[in-house]
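Hi everyone, thanks for making the time. Have a look at the model on the screen, and I'll walk you through a few places in it.

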Amino acid sequence: SPWNGRGFSLTFRLPKISCPLSRIGHTHTSDGVSRQKSFLLDIDAMNVLQRPAPLMFEKHILEQGDQISRKLHLLSVQSFPESGKKGLRPFSLAEVSSFIGVSQSHLKKLHLEGKGPIPETSPSGRRTYTAEQMLELRHYLDRHGRSEARAYVPHRRNGERLQIIGVVNFKGGSGKTTTAAHLAQYLALTGHRVLAVDLDPQASLSSLHGFQPELDQTRSIYDAIRYDEGRAPISELIRSTNFPGLDIVPANLELQEFEYDTPLAMADRNSNAGKAFFTRIAASLAEIDDRYDIVILDCPPQLGYLTITALTAATAVLITIHPQMLDVMSMGQFLLMLGNILEPIRSAGAAVNLEWYRYLITRYEPTDQPQAQMVAFLQTLFGEFVQKHPMLKSTAISDAGVTKQTLYEVEK
């Protein structure tokens, strides 16, 4: 109750039981009279005697996680009713022209002359090609094209090494997986042979490509880098996607086991496998070196053994940044920790030989003044290491994500 001129009284109105807990402290008014504060505590005997049963938190979250998985699977079946698997829309003449690198008029001429794959033509004369036809057209142009300088099929030449690009960030929500997915799909659409490797146990990249590990029972790269007898060749783990030229090694929760296994393997005096943990992804990828031009590694949003192993395998690194103060501060800590970890790793024999690395601004809103200031700050600080073209925040990406699609999959 409020001040009544004599003191404060704190009272809980409960049945029948009322006991003074204590009388403590003194206050002095302006006339020097000492007064006491009285605290009354009413205790409900029923609440003391009948405590609620403990919440079985683990049981609840297991049930709710299962509910989410099944509802998402139902959404996939509703979105892709024929098989529950993702398909791929046809591409317009303008898109095909951009991906292959030839003019629309040249593509029209090839169609009229009956050369190359025959596109589907709408009643209005609009031509569309499937992704498979676009790949076939690319090979046709490579065989019969007039340009000697242009490679319509941009596969690796003799002596060129496999490019392994790690997409990393210490903090979730930076657009890391969205970047990895769109980069892998764009490279496939432009004629490269691409392997995407999902290293994040949350398996977001896998989900974007139509895999739901907890229901599909897909194996992850953990089976290729584990320390026991269950180790398998990475070739057994690769799955095709709805994009011609793009394969994926999906993720699952078992990937997290690598973070627990590695310290135990490092402490094993009877084996050196754990001490050279940072070589395991690179060694696995070496088995399929001749099958691909580019590998995209979607790293987990933490600086653990998986991330370190991925970075030592990479030939290039793309670091995603959301241009807000807390995200930039977090990235600064990430860079400090990463540098402090890679130095002793290199001295232990790791080959950290990056050809390039860049910072990519993601989820950027140009009309947001604090974000614009942060982007200017980063560009001033890091110069050419910041990509010139940021990834803009777009409702189109969010809308596509509802059906687990990318911008290359949604109907135009």
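Let's start at Glu120, whose bridge partner in S5 is Thr128. Keep in mind as we go that this is a predicted model. Strand S5 covers residues 127-129, and its pairing with S4 is antiparallel, over two bridges.

Next, please turn to the helices. H3, residues 93-100, packs with H5, residues 131-144, at an angle of about 50 degrees, and their axes are 11 Å apart. That angle makes H3 oblique to H5, and the crossing is right-handed. Which residues make the contact? From H3 you have Val96, Phe99 and Ile100, and from H5 there are Met134, Leu137, Arg138 and Leu141. Sorted by class, this contact has six nonpolar residues, one charged and no polar ones.

Last stop: the aromatics. Searching the whole structure turns up nine aromatic pairs. One of them is Tyr227 with Phe258, a stacked pair at 5.8 Å centre to centre, with 5 degrees between the planes. This pair links distant parts of the chain, 31 residues apart. Tyr227 is in the loop between helix H9 (222-225) and strand S8 (239-240), while Phe258 belongs to helix H10, residues 257-267.

That's my tour, and I'm happy to go back to any of these views.

Terms used: Residues are numbered from 1 along each chain as its sequence is written. This is a predicted model: local features need pLDDT of at least 70, side-chain atom pairs count only at pLDDT 80 or more; totals for chains, interfaces and linings use all residues. Side-chain values use heavy atoms; hydrogens and water are left out. Axes are lines fitted to C-alpha atoms, for helices over the stretch in contact, and angles run from 0 to 180 degrees between N-to-C directions. Helices (H or I, at least four residues) and strands (E, at least two) are DSSP runs, numbered from the N terminus. Angles under 35 degrees count as roughly parallel, over 145 as roughly antiparallel, 65 to 115 as roughly perpendicular and the rest as oblique. A crossing is left-handed if the near helix is turned anticlockwise from the far one by less than a right angle, and right-handed if clockwise. Contact means heavy atoms within 4.5 Å. Ala, Val, Leu, Ile, Met, Phe, Trp, Tyr, Cys and Pro count as nonpolar, Asp, Glu, Lys and Arg as charged, and the others, Gly among them, as polar. Two strands pair if DSSP finds at least two bridges between them. Rings of Phe, Tyr and Trp (its six-membered ring) pair if their centres lie within 6.5 Å; planes under 30 degrees apart count as stacked, over 60 as edge-to-face and the rest as tilted.
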